[in-house]
Amino acid sequence: KLASILDFSAVIACDKVRDMKTGKLTGFQVFIDNLEGRDAIIVDDICDGGGTFLGLAEELKRKNVGNLYLFVSHGIFSKGVDELSEVFNKIYCTNSFSEYEHPNVKQFKFEI
């Protein structure tokens with residue numbers, strides 16, 4: 001159902017730089033000049049502390065993004081989701097790492 005409402009014709013690459021000695025994230029890039037208020041969903045495999053997504057969200061806002069959504073396969077959320085919830089309208093993840101309850105998080109049950 002989610003795929004039927006998303007426009008995958010407008011995939012935009014993003015990047016970041018991580019200092020391997022300190023782990024500090026810098027140099028967030030979004031490879032488009034202006035999103036013209038369009039909504040965006042960031043898709044990735046893992047969200048641990050959320051720094052990558054907060055940095056990308058900041059850069060996306062500079063590029064005139066509309067609503068922001070986050071979809072990760074594995075939500076570790078070692079720093080919680082409160083700060084992420086201030087930036088993302090909704091956070092989607094599976095329960096592959098743990099069960100997580102938060103009003104802004106929608107978890108999909110994954111069973112083997």
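User: How many disulfides does the count come to by this rule?

Analyst: The count comes to zero disulfides, a disulfide being a pair of cysteine sulfur atoms within 2.5 Å. This is a predicted model, in which local features need pLDDT of at least 70 and side-chain atom pairs count only at pLDDT 80 or more, while totals for chains, interfaces and linings use all residues. Residues are numbered from 1 along each chain as its sequence is written, and side-chain values use heavy atoms, with hydrogens and water left out.

User: How do you know that Cys 14 is in no disulfide?

Analyst: The nearest cysteine sulfur to that of Cys 14 belongs to Cys 47 and is 15 Å away. A disulfide needs the two sulfur atoms within 2.5 Å, so Cys 14 is in no disulfide.

User: What makes the sulfur of Cys 47 too far from the closest cysteine sulfur for a bond?

Analyst: The closest cysteine sulfur is in Cys 93, at 8.7 Å, and therefore too far for a bond.

User: Why is Cys 47 called buried, and Cys 14 partly exposed?

Analyst: Buried means under 20% relative accessible area, exposed over 50%, and partly exposed in between, with a 1.4 Å probe and protein chains only. Cys 47 has 0%, so Cys 47 is buried. Cys 14 has 34%, so Cys 14 is partly exposed.

User: Why is the link between Arg 62 and Glu 58 called a salt bridge?

Analyst: A salt bridge is a side-chain nitrogen of Lys or Arg within 4 Å of a carboxyl oxygen of Asp or Glu. For Arg 62 and Glu 58 the closest N and O atoms are 2.8 Å apart, and the pair forms a salt bridge. Both residues lie in helix 2, four residues apart, about one turn of the helix. Helices (H or I, at least four residues) and strands (E, at least two) are DSSP runs, numbered from the N terminus.

User: What makes Glu 58, Glu 59 and Arg 62 a network?

Analyst: They are linked by salt bridges. Glu 59 also forms one with Arg 62, with the closest N and O atoms 2.5 Å apart. Glu 59 is buried, with a relative accessible area of 13%, whereas Arg 62 is exposed at 56% and Glu 58 is partly exposed at 48%.

User: Which parts does the salt bridge of Lys 109 and Glu 99 tie together?

Analyst: The side chains of Lys 109 and Glu 99 meet at 3.1 Å, N to O. Lys 109 lies in the segment after strand 6 (105-108) and Glu 99 in the loop between strand 5 and strand 6, so the pair ties together parts ten residues apart in sequence.

User: How do you know that the side chain of Gln 107 has a polar contact with the backbone oxygen of Ser 98?

Analyst: A polar contact is a pair of N or O atoms within 3.5 Å; within protein, one must be able to donate a hydrogen and the other to accept it, and residues adjacent in sequence count only if both atoms are side-chain atoms. A polar atom of the Gln 107 side chain lies 2.7 Å from the backbone oxygen of Ser 98. The Gln 107 side chain also reaches the backbone oxygen of Thr 94, at 3.3 Å. Gln 107 lies in strand 6 and counts as buried, at 14% relative accessibility.
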